[in-house]
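Open the model in a viewer and keep the selection tool at hand. The stops below go one by one, each with something to select and something to look at.

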Amino acid sequence: MSLEAQARAALRRGDLPAAAVAAQALVSSAPDQSAGFFLLGIVAAEAGQIAKAVPLIEAALERGPKAEHLAQLAKLLILLRRDGEAADAVDKAIALTPDDPLTLDTLGCVLARLGRHEESIARFSAAVTSEPGNLEYRYNLAAANGFTGRVDEARTHYETILAKDPGNARAHYALAILSRQTSQANHVPRLQAAVTAADKPEDALRLRYALAKELEDLGDPGAFEQLWTANVAHKRTIGYSFALDAAIFDAIETLFAGDRNALAAVPGNPDPAPIFVVGMPRTGTTLVDRILSSHRDVGSAGELQAMPLAVKQLAGTQSRAVIDPATIAASGTLDPAAIGDAYLARAAHHRPAGTSRFTDKLPANFLYIGHIARALPNARIVCLRRNPMDTVWSNYKNLFASQSAYYAYSYDLMDTACYYARFDALMRLWERLFPGRVLQLSYEALVADQQGQTRELLEHCGLDWDETCLSFHENGAAVATPSAAQVRRPLNADAIGKWRTHEAALRPVANWLEAQGFTID
């Protein structure tokens with residue numbers, strides 16, 4: 001067996017030391033060949049040493065371009081948040097017309113992370129055609145089909161996965177959120193059986209969320225028990241305390257409320273292209289993004305990490321967290337124009353071609369409104385507001401990225417209520433500091449008066465009237481959020497007041513919010 005074959009075999013069985021020995025021997029015996037450097041890079045990546053892996057794979061590419069090497073480099077660059085370089089590597093790999101399924105699947109994953117979902121489908125489809133029994137490839141294809149509105153195709157692939165792997169929690173959950181379930185068509189009995197059989201905490205979490213979602217669709221109050229069980233366990237697993245988020249809010253308020261000149265009082269980047277759609281999750285941010293991106297002059301860039309990463313990069317703090325009190329404090333000395341420049345550079349590779357404006361709908365950008373207002377003085381900002389109790393319930397019942405610090409509060413009802421209260425206080429601070437910069441758009445008002453509120457939205461964003469914005473549900477662009485099914489339907493009031501299905505269980509939260517001065521009706 002050749003040294004390359006030995007290294008690849010060791011990688012397949014997870015024996016990294018043996019793979020490293022074989023790869024290093026290959027480098028020593030053939031330093032002018034790419035294989036040894038590439039395999040050493042993969043060993044480093046598998047060991048979690050991404051920064052070490054990248055130069056090794058780049059060294060392989062210096063010895064000749066190969067699609068496999070470019071695809072793996074792109075994957076690593078995405079992990080390092082170097083999206084522009086990842087996009088370049090992907091395009092170079094595609095130009096080499098690869099045909100092996102792993103490379104095709106890897107390219108599809110990177111394209112999806114770049115928001116190029118339509119392009120990802122061709123790669124995922126080719127991978128599945130080449131290796132139909134690989135359930136990971138098929139799951140990725142199913143997800144891409146769901147993002148792009150090919151619901152029937154997605155459903156078929158998920159069912160194929162479950163036929164071969166009945167306990168596949170990811171497929172169960174994805175199938176549950178793919179569309180609204182009915183009494184005539186649902187998966188409740190199958191999900192109940194899967195929950196009983198689950199033996200891994202992460203699987204149980206996904207399965208209970210899936211079951212709760214379907215029960216909620218059916219109007220069954222049993223959804224609450226499933227969520228409660230799942231969330232109590234997951235909060236314990238992640239070790240979350242609301243004090244972690246409270247410290248972030250405190251740091252932002254200290255930086256901006258304590259000094260109206262926070263950030264240097266110099267001009268920012270004047271580019272008017274960005275439109276930030278922010279707010280608590282599940283309050284209509286995806287809906288507004290679809291309305292805006294239905295306009296002839298606007299494209300959706302999706303949920304970008306560009307602003308958080310720009311601030312983190314320029315602040316230069318060493319913590320692993322993208323946002324923390326130290327990073328916020330350090331950001332107070334930054335040049336606003338430098339933040340704006342860094343943001344636009346990161347966003348550039350996600351902007352759809354052919355439009356002069358773009359939306360960035362990362363909900364958590366409400367934490368960065370102070371930075372945005374200074375760094376991009378001509379950018380427009382829209383913040384979604386929704387009934388406090390519907391906001392709390394909607395956050396609690398939706399499974400976000402389970403390891404993301406952004407949403408760690410959402411596994412506890414009182415934590416979520418406290419987060420809502422701090423969000424509201426911060427939005428009031430931004431209004432005092434930057435009056436008129438943020439349009440605070442009521443979800444309920446938008447549902448009640450779609451045309452009037454859409455006109456106000458477009459006017460705030462500096463856009464001419466476009467009738468197409470009223471038909472946002474016909475927008476064919478991909479949607480990679482839990483709201484995908486909802487925003488492909490015309491505007492409706494189905495989600496308003498949904499918390500009352502579980503009013504008895506949620507009454508302590510309602511009482512607390514009312515005691516804080518919030519109106520819940």
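Which residues does Cys-109 touch, not counting residues up to four places away in sequence? Select Cys-109 in this predicted model and show its surroundings: the residues touched are Phe-124 and Asn-140, once those up to four places away in sequence are set aside. Cys-109 has 31% relative accessibility and therefore counts as partly exposed, as the value lies between the limits of 20% and 50%.

**Helix 7**

Cys-109 is in helix 7, so select residues 101-113 next. The end C-alpha atoms of this helix are 18 Å apart, which agrees with the 18 Å that 13 residues should span at 1.5 Å a residue. Now colour the buried residues of helix 7: Pro-101, Thr-103, Leu-104, Asp-105, Thr-106, Leu-107, Gly-108, Val-110 and Leu-111. Which helices are included in what covers them? Show helix 5 (67-79), helix 6 (83-95), helix 8 (117-130) and helix 9 (135-147), which are among the covering elements. Past the end of the helix, click on Gly-115, which follows helix 7 and has a positive phi, near 80°.

**Aromatic pairs**

Switch to the aromatic side chains, where the count comes to 18 aromatic pairs. Start with Phe-276 and Tyr-343: the ring centres are 5.2 Å apart and the planes are at 45°, so this pair is tilted. Phe-276 belongs to strand 1 (residues 274-279) and Tyr-343 to helix 19 (residues 336-347), so the pair ties together parts 67 residues apart in sequence. Are these two residues buried or exposed? Phe-276 counts as buried because its relative accessibility is 0%, and Tyr-343 is buried with a relative accessible area of 0%.

Go on to Trp-430 and Phe-434, an aromatic pair that is also tilted, with 6.1 Å centre to centre and 35° between the planes. Trp-430 and Phe-434 are both buried. Then select Phe-249, Phe-366, Tyr-409, Tyr-419, Tyr-420, Phe-423 and Phe-518, which ring pairs link into a cluster.

**Arginines over rings**

Two stops remain. Select Arg-170 with Tyr-139: the arginine lies over the face of the tyrosine, at 3.9 Å from the ring centre. Finish with Arg-386, which lies over the face of Tyr-443 at 5.2 Å from the ring centre.

Notes:
Residues numbered from 1 in each chain as written. Predicted model: local features only at pLDDT ≥ 70, side-chain atom pairs only at ≥ 80, totals over all residues. Heavy atoms only, no water. Helix = DSSP H or I, 4+ residues; strand = E, 2+ residues; numbered from the N terminus. Expected span 1.5 Å × (residues − 1). Buried < 20%, exposed > 50% of the residue type's maximum accessible area, 1.4 Å probe, protein only. Contact = heavy atoms within 4.5 Å. Phe/Tyr/Trp six-rings, centres within 6.5 Å; stacked < 30°, edge-to-face > 60°. Lys NZ or Arg CZ within 6 Å of the ring centre and 35° of its normal.
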